[in-house]
Amino acid sequence: MKKRTFLKLSSALMATPILAPLTTWAADDKLKNWAGNYQYSTDKLYKAKSIPQVQELVKKYSELKVLGTRHCFNGIADSTNNLISLGEMDDVISLDTKAHTVTVDASMKYGQLAPYLDKKGFALHNLASLPHISIAGACATATHGSGVKNGNLSTAVAAMEIVTAKGEVRTLSRAKDGETFRAAVVHLGALGVVTKVTLDIQPTFMMRQDVYENLPLAQLQQHFEAIVSSGYSVSLFTDWQKKRINEVWIKSRIEKGKTFDAKSERGTAEFYGAKRATKNLHPIAELSAVNCTEQMGVPGPWYERLPHFRMGFIPSSGKELQSEYFVPRKNAVEAILAVEKLNAHISPHLMITELRTIDADNFWMSPCYKQPSLAIHFTWKQDWASVKKVLPMIEKELAPFNPRPHWGKLFTLAPKQLQSRYEKLPEFKQLMKEYDPQGKFRNAFLDTNLFGS
């Protein structure tokens with residue numbers, strides 16, 4: 001989203017009376033997502049500043065959806081009737097230093113929470129590539145960072161508060177609610193309005209980030225596990241050309257008494273044939289690294305190294321499309337080589353692909369449910385007519401590995417195929433009926449992908 005558009009939205013939110021719709025948009029400035037590729041189906045956007053106001057809106061309208069930071073590239077958060085924003089409910093509610101948990105308003109962004117935690121001596125286990133996203137939205141869609149031992153962001157959720165379709169406030173916790181909790185954390189916006197989230201935290205830590213260029217694809221093929229396990233969080237960026245990985249980003253914790261250094265630990269400034277970068281880089285080589293987190297092995301706090309992009313800047317390229325597919329990590333090399341065969345079809349429309357690993361979890365609707373995964377992420381040029389022709393090719397090549405697409409990104413997988421890859425989907429539909437018997441929180445995206453044929 002353009003900074004000018006963001007400022008317009010912020011001003012509208014501040015100036016509009018409580019529970020009044022935000023309908024002050026200019027005719028040529030319709031409500032869109034962050035990248036500008038998706039226009040929402042209504043301009044009726046209401047804000048709530050408290051849980052009673054959330055309850056009032058939920059009881060008042062027969063159909064509505066929560067709209068967060070608008071980083072999804074599809075219609076998962078869309079509504080043809082009413083949208084609700086909890087953007088002003090973004091405070092830290094409590095910090096429990098003994099239990100090692102923090103409870104926050106669900107609309108708080110990771111980029112807001114992280115510095116607060118660090119000052120208090122704590123950290124989260126991981127962050128996504130950009131910190132601009134809300135905690136509630138990220139957990140609802142199983143958004144993730146990287147690291148072979150790191151689950152997605154929702155695995156930090158210890159409890160959550162949700163307003164159901166009847167306007168009732170329910171609290172679910174890992175300690176007390178078992179399978180219901182595991183069903184509700186990655187909820188796709190289908191169960192209600194999440195108002196509070198409690199996250200696990202740990203003692204704060206320092207990190208460094210080292211980047212290497214031009215890793216031969218043959219080296220990745222032969223040493224995949226060693227490469228992706230070489231740091232706390234590892235990201236591989238490729239344009240699928242020249243049989244190489246363009247950039248390897250290794251994010252390493254700096255433990256007391258031990259530091260990571262390529263020269264001392266590996267003997268040279270090389271990493272499996274890749275050369276150590278001599279300056280900060282952007283994942284898309286042509287773009288300036290000014291909005292990227294510090295590299296070159298410079299130590300810094302965890303929240304300034306785990307993301308790729310800095311909170312104070314518009315992340316990535318801005319005008320783009322995104323797709324992402326999760327495959328079992330045991331099939332990672334085969335899946336990468338399957339996609340590489342399509343390089344002539346992919347490269348003309350691609351900005352960059354990122355490869356990341358995520359540990360397994362037990363959330364019913366998570367793409368990493370019961371399987372350690374490799375996520376193959378595509379940042380596309382904003383040309384949907386071309387991209388929608390390439391996605392079926394990718395999905396066909398990945399079909400032997402039963403890929404699960406990211407819920408908030410673009411895919412063309414047939415609903416029946418998608419549904420078959422979630423063994424707990426029938427039970428999740430039953431929970432939807434319990435929490436939302438009249439389908440108040442359903443929309444075209446959910447109807448198509450969870451119920452369609």
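Q: Are Tyr46 and Tyr61 buried or exposed?

A: Buried means under 20% relative accessible area, exposed over 50%, and partly exposed in between (1.4 Å probe, protein chains only). Tyr46 is buried, and Tyr61 is too. This is a predicted model, where local features need pLDDT of at least 70, side-chain atom pairs count only at pLDDT 80 or more, and totals for chains, interfaces and linings use all residues. Residues are numbered from 1 along each chain as its sequence is written, and side-chain values use heavy atoms, leaving out hydrogens and water.

Q: How many aromatic pairs does a search of the whole structure find?

A: Rings of Phe, Tyr and Trp (its six-membered ring) pair if their centres lie within 6.5 Å; planes under 30 degrees apart count as stacked, over 60 as edge-to-face, the rest as tilted. The search finds 14 aromatic pairs. One of them is Trp34 with Phe73, edge-to-face, at 5.9 Å centre to centre and 90° between the planes.

Q: Which parts does the pair of Trp34 and Phe73 tie together?

A: Trp34 lies in the loop between α1 (3–15) and β1 (45–47), Phe73 in the loop between β2 (65–66) and β3 (83–85), so the pair ties together parts 39 residues apart in sequence. Helices (H or I, at least four residues) and strands (E, at least two) are DSSP runs, numbered from the N terminus. Trp34 counts as buried at 5% relative accessibility; Phe73 does at 2%.

Q: Why is the pair of Tyr46 and Tyr61 tilted?

A: The ring centres of Tyr46 and Tyr61 are 5.1 Å apart and the planes are at 40°, so the pair is tilted.

Q: Which residues do ring pairs link into a cluster?

A: Phe205, Tyr232, Trp302 and Tyr303.
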